[in-house]
Amino acid sequence: MASNKVFSTLALFLTLNLIFFTFVTSCGTCPKPKPPPKPKPSCPPPHVPKKETCPIDTLKLGVCANVLGLVNVVVGSPPVTPCCSLISGLADVEAALCLCTAIKANVLGINLNVPVSLSLLLNVCSKKVPSGFQCPS
């Protein structure tokens, strides 16, 4: 009887193993799970034009008051030199923006008519007021 009991236990063990491994390996062709979709790139933020600023120190433009003949000029130095040397490396728009800032901030020490003064200062330094340019408020 002991061999019969061992045989039954062994048969049951093998049968359960066979069933277990059948279920485990029966899905050999099952589709693999799809990877999660890649997130769509978000829309870029709306273009907000940055406020233009003067690339040079506006306080230095106080020397441009001499160009307008409103302040005593140092003898032996043409008044154009210090002002024009400051804005010489700038594009016309940048130079106009810097001079607008200086005029509006009253760095020159006097109240001026902005469009006329701007045009005069730029012309003296061989720059032009860009068409349609208005000093930012």
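**A core, a disulfide and a surface patch**

The largest nonpolar core holds 19 residues, and those with the most contacts inside it are Leu-61, Cys-64, Ile-87, Leu-99, Leu-118 and Leu-122. A nonpolar core here is a set of buried Ala, Val, Leu, Ile, Met, Phe, Trp, Tyr and Cys residues joined through side-chain atoms within 4.5 Å. Buried stands for under 20% relative accessible area, exposed for over 50%, and partly exposed for what falls in between (1.4 Å probe, protein chains only). Helices H2 (80–87), H3 (92–104) and H4 (114–124) each supply at least two residues of this core. The largest share, seven residues, comes from H3. Helices (H or I, at least four residues) are DSSP runs, numbered from the N terminus. In soluble globular proteins, nonpolar side chains tend to be buried together.

A word on the model itself: it is predicted, so local features need pLDDT of at least 70 and side-chain atom pairs count only at pLDDT 80 or more, while totals for chains, interfaces and linings use all residues. Residues are numbered from 1 along each chain as its sequence is written, and side-chain values use heavy atoms, with hydrogens and water left out.

Contact means heavy atoms within 4.5 Å.

Next come the cysteines. Counting a pair of cysteine sulfur atoms within 2.5 Å as a disulfide, the total comes to one. This disulfide joins Cys-84 to Cys-125, with 2.0 Å from S to S. The link is left-handed, at -85 degrees about the S-S bond. Cys-84 sits in helix H2 and Cys-125 in the segment after H4, so the pair ties together parts that are 41 residues apart in sequence. Both cysteines, Cys-84 and Cys-125, are buried.

Lys-128 also lies in the segment after H4. What makes Lys-128 count as exposed? Its relative accessibility is 60%, so Lys-128 counts as exposed. Neighbours within four places in sequence aside, Lys-128 is in contact with Asp-92 and Leu-122. Lys-128 and Ala-91 are 37 residues apart in sequence, yet 9.5 Å apart in space, C-alpha to C-alpha.

Finally, the surface: Leu-12, Leu-16, Ile-19 and Phe-23 make a nonpolar patch of about 440 Å². Such patches are made of residues with over 30% relative accessible area and no salt bridge, with nonpolar side chains (Val, Leu, Ile, Met, Phe, Trp, Tyr) joined within 5 Å. A salt bridge is a side-chain nitrogen of Lys or Arg within 4 Å of a carboxyl oxygen of Asp or Glu. Ile-19 lies in helix H1 (residues 2–25) and is partly exposed, at 41% relative accessible area.

Conventions: Patch = residues over 30% accessible without salt bridge, like charges linked within 9 Å, V, L, I, M, F, W, Y side chains within 5 Å. Areas by Shrake-Rupley, 256 points an atom, 1.4 Å probe, with all protein chains shown as cover.
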